Amino acid sequence: MNTVILLAVTGVGLGAIYFLVACGLSLIYGLMGVLNFAHGVFLTLGAFLGLEVAQRLGATTWAGFAVSLLVGALAGAVFAALTERILVQRLYNRHIEQVLVTVGLGLAAVALFDGIWGTDPRFPRGPSWLGQTSQIGGANIPNIVFLAILAAVAVLAGIVLFLKHTRYGMIIRAGVENRSMVQALGIDVRTAFTLVFTIGGAAAGVGGVLASHHFGYVSPMLGQTLLIFAFIVTVIGGLGSLIGAAVASVLVALLQQFANFYLWGTGDFAVVILLALVLLTRPSGLMGRTT
Amino acid sequence: MTARNTANAESKVTEKVTDKVTEMRRASRPPEEPEASGPRSGLLGLIVPLGLVVLLACLPLLNLSLPGVLPGATYTPGTLHLLALAMVMAGVALSYHLLFGVAGLLSFGHALYFGMGAYGLGVVMDRLELALLPAALVIILAGVVMSLILGAVSLQVTGIPFAMVTLAFAQAGYVLVRKNPGGATGGEEGMRLPTDYVPDWLVGVADTRNVYWVALAALVAAFVIVTWVQRSRAGHVAEAVRENELRVRVLGMRPFAVKLAIFVAASVIASGMGMVHLLLNSGAVPHVMSAEFTISLLLMVVLGGVGSRWGAVAGAFVYVILSQRLAVFAQSSTIDDLPAVLRIPLSEPMFILGAVFILVVMFLPGGLAALGLRVRALFSRRAKAELAEGTPTPGELVQEDDQQP
């Protein structure tokens, strides 16, 4: 029983990190039809800069950790906004070229990180509480898991509130629904494009700092590795659906954890098989529109 | 704000109209026209490729040097290895061209079939104790079966979702070879070529030129097969599906079967090239099955010019030789003396290649093929006419999923 609780809670924690990456991907795809291959490098940059700042301010203090989260979010957001403005926006409405540009950026950025921080992983330190465990129903759960879940829920709530209650949120929702109609009404959707990139980048940056503590290391490839699972999550959840991404993140992570433990470390295959099953039965994903 | 939007909407309308016009133009082209690039006017179209093959075949016997491009004289094993690698990559790039340039399928999992060829051949020789040729046949069969099954699943979706699904399958393969099941694939370290089952003339460093000839033969075979598939009925239908799937369906043809056939053909060619890669590198490492490997194929094809066979070959040669030269350049003292701001980006070959790729996509969407066409347009009226029709760009090739109405 302890094992089941442990696997379930850590699974949800892993799902939280997947969600932090996938929410931006899903929003960007939903609004712009762009599969953002550079999303992982937003995360990696957030993780590295967060690590650097935390080291300078004292990695074991809560203040240092909070600032590193903030810096991670900021780094991801700025990098994403610049990517959208400088590269993606110039290729207005040419989706495949936009995807190719993000592919190129992903390659170039990972190589640059290799050059700056080296290819070996670096190990972040945090407040001592993060390294400890808490008991839930007899299972010792690492505390970072709770923090990751908290952050993901906060990000989800924040994005939902933003989408529901602000003017730009409304434009984004309308744009996901029917972009041409929004443009025909004379609304400039390009600001909304930059905005979803920025939000997605910020979420990925936070995800980066949390992922570095969760997995215990940062390497230039960290983001791109997580990105592949985030892609799977967005396809299973339904491209463009935020809630779908949230549900699928948890589902995928739980499946991965349980299959890894009970089925001899086959978590990654179980996920791919789930993806194939979902595509065969519901090609638009769990919560995607069935058009 | 409104003015900008109107301009926006207008540009969108014009874009739509030009799209339609290009589509109609393409449709009205005579059937032998679609291979819009490469030397192909009658006799010249045969002499140039044949001459090139003969020249490449003679290189190991000659003492030519191209300082700055090749690491040494052409008969040295180092240079032959580099050229053979470029030829293997050109073969895979051609198979990727078949997927992307002909059928408009943007796959991010093509490395799976290449890696399957490389690892599969080694494992089959080692475990089933088969000689090279029977083992290669087994792998070709396995490649057909695997690509039939996985292709049938992936082709349930099109456009970007297709890219993601193929990526996921390839990732599963990548995880598998890294997990080292039963000690067969060697995990992170990679697998060594089981030399006991390979003829002696393909094994040693001194025999690099034999492997070089094998690679050349494989490249020529890949080129012939790709040309044949592209000119076959299936190739034409695939191109038609790329342009307008609905119309093809109305005509009573089955787009799914055609796309699957192209997918299988491309995958099997990739497996074949993977086997040559195993011989060439005397082993296989997980990188050959990774997403980065597929992305490098995409880079080559786009760099060379999508939709062009010669472009794919040229792109692969440029990519392989450039990445090798850039790595050497990164070690040189010119780089070491630079300040860190310049030194770090310049000492990372992938950074430079990634940046070049971004620039090509943004400013030269037709790639090297378009550049070549532009040069030829200075001399030939025919090339000029082709240029006026426009060169294909990556975006025109891939079907947009009908996500946005």
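Contact here means heavy atoms within 4.5 Å. This is a predicted model, where local features need pLDDT of at least 70, side-chain atom pairs count only at pLDDT 80 or more, and totals for chains, interfaces and linings use all residues. Residues are numbered from 1 along each chain as its sequence is written, and side-chain values use heavy atoms, with hydrogens and water left out.

**View 1. Gln89(A) in its loop.** Gln89(A) sits in the loop between α3 (62-88) and α4 (95-117) of chain A (helices are DSSP runs of H or I, at least four residues, numbered from the N terminus). At 19% relative accessibility it counts as buried (under 20% relative accessible area, 1.4 Å probe, protein chains only). Not counting residues up to four places away in sequence, Gln89(A) touches Glu84(A), Arg190(A) and Thr194(A).

**View 2. Helices α10(A) and α12(A).** Here α10 (residues 222-237) and α12 (residues 267-281) of chain A pack at about 30°, axes 10 Å apart (axes are lines fitted to C-alpha atoms over the stretch in contact, and angles run from 0 to 180 degrees between N-to-C directions). That makes α10(A) and α12(A) roughly parallel (angles under 35 degrees). Phe229(A), Ile232(A), Val235(A) and Ile236(A) in α10(A) meet a set in α12(A) including Asp268(A), Val271(A) and Leu274(A).

**View 3. Leu98(B) in the largest nonpolar core.** A core is a set of buried Ala, Val, Leu, Ile, Met, Phe, Trp, Tyr and Cys residues joined through side-chain atoms within 4.5 Å. Of 207 residues in the largest one, those touching the most other members include Leu98(B) and Met32(A). Helix α3 (residues 77-102) of chain B gives the most to this core, 17 residues.

Key: Chains are lettered from A and ligands numbered from 1 in the order in which they are written. Buried means under 20% relative accessible area, exposed over 50%, partly exposed in between (1.4 Å probe, protein chains only). Helices (H or I, at least four residues) and strands (E, at least two) are DSSP runs, numbered from the N terminus. Angles under 35 degrees count as roughly parallel, over 145 as roughly antiparallel, 65 to 115 as roughly perpendicular and the rest as oblique.
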